[in-house]
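This briefing is meant to be read with the model open beside it. Please find each part in the structure as it is named, and take the topics in the order given.

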Amino acid sequence: MNQPAPAPKSPHTGAFVFAGVIIALFFIGLMGLLYYGVKQSDRAGRDALPSPLIGKPAPAFDLPLLHEPGKRFTLAELRGQPFVMNVWGSWCPECRVEHPVISKFALTKRVRFIGYNLKDPREDALRWLEQFGNPYLMVVADEEGRTAIDWGIYGAPETFLVDGKGIVRWKHVGAITDEIIAEELIPALEKAEAEK
């Protein structure tokens with residue numbers, strides 16, 4: 001009795017297996033990347049943009065005071081003690097979110113708070129502070145946004161910590177929260193004070 005001869009293997013079978021393995025490896029790698037992205041998405045500071053100013057002298061400015069536009073104020077006048085410079089505008093929705101947090105912390109008088117009003121008509125900025133309160137020691141006005149370029153400011157809110165020697169120690173992009181103050185700003189301030 002004759003057995004039927006086994007069907008010859010297709011020369012393409014090996015290629016199909018190889019392609020299947022490559023596709024499976026690609027899919028596993030893609031899933032690994034997605035998993036890593038999800039894990040990183042809840043990392044504190046994920047939105048923070050590294051500032052080239054950190055550890056360097058703060059750029060000089062000479063700007064009018066919002067409340068006294070005939071008077072100008074310079075960075076040199078802030079030397080000697082650390083200060084927080086908070087960039088805001090009446091046009092900025094996130095500034096409203098962070099304003100109560102900044103106001104509460106400013107009341108502690110732990111550090112000087114300087115307001116940096118960005119690209120705002122004076123009347124709008126004054127009306128905004130009247131409505132929401134003014135936590136700042138003073139507010140400088142950069143209506144055209146020219147000085148903001150030197151500071152690497154691209155929007156609002158942004159917040160900087162500058163030490164008593166005029167060195168930028170910390171920057172945060174986005175709304176400040178109580179957690180950011182406790183976990184980032186205060187430690188940076190303490191470190192700056194310790195290195196006087």
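In this predicted model, T147 is found in helix α4, which spans residues 146–151. The residue has a relative accessibility of 12%, and because buried means under 20%, T147 counts as buried.

**Around T147**
- Leaving aside residues up to four places away in sequence, T147 touches A60, F61, L63, Y116 and D142.

**Strand β5**
- Five of the five residues of β5 are buried, so this strand is largely enclosed by the rest of the structure.
- Strand β4, made of residues 112–118, runs parallel to β5 and is joined to it by five bridges.

- Strands of a sheet pair through backbone hydrogen bonds, and they may do so in a parallel or an antiparallel way.
- Here five strands form an open sheet in the order β5-β4-β3-β6-β7, and the pairing is mixed.
- The edge strands, each pairing on one side only, are β5 (138–142) and β7 (168–173).
- From one strand to the next, the twist averages 20 degrees.
- Strand β6, residues 158–162, pairs with β7 in the antiparallel sense over five bridges, and the bridge partner of T159 in β7 is H172.
- Helix α5 packs on the sheet, where it touches β3 (83–88), β6 and β7, and the direction of α5 makes about 165 degrees with that of β7.

**Helices α2 and α5**
- The axes of helix α2 (residues 93–107) and helix α5 (residues 178–194) come within 10 Å and cross at roughly 50 degrees.
- An angle from 65 to 115 degrees would count as roughly perpendicular and one under 35 degrees as roughly parallel; α2 and α5 are therefore oblique to each other.
- The crossing of these two helices, α2 and α5, is right-handed.
- On the α2 side, V101, K104 and F105 meet D178, I181, L185 and I186 of α5.
- Sorted by class, the contact of α2 with α5 has five nonpolar residues, two charged residues and no polar ones.

Terms used
Residues are numbered from 1 along each chain as its sequence is written. This is a predicted model: local features need pLDDT of at least 70, side-chain atom pairs count only at pLDDT 80 or more; totals for chains, interfaces and linings use all residues. Side-chain values use heavy atoms; hydrogens and water are left out. Axes are lines fitted to C-alpha atoms, for helices over the stretch in contact, and angles run from 0 to 180 degrees between N-to-C directions. Helices (H or I, at least four residues) and strands (E, at least two) are DSSP runs, numbered from the N terminus. Angles under 35 degrees count as roughly parallel, over 145 as roughly antiparallel, 65 to 115 as roughly perpendicular and the rest as oblique. A crossing is left-handed if the near helix is turned anticlockwise from the far one by less than a right angle, and right-handed if clockwise. Contact means heavy atoms within 4.5 Å. Ala, Val, Leu, Ile, Met, Phe, Trp, Tyr, Cys and Pro count as nonpolar, Asp, Glu, Lys and Arg as charged, and the others, Gly among them, as polar. Two strands pair if DSSP finds at least two bridges between them. Buried means under 20% relative accessible area, exposed over 50%, partly exposed in between (1.4 Å probe, protein chains only).
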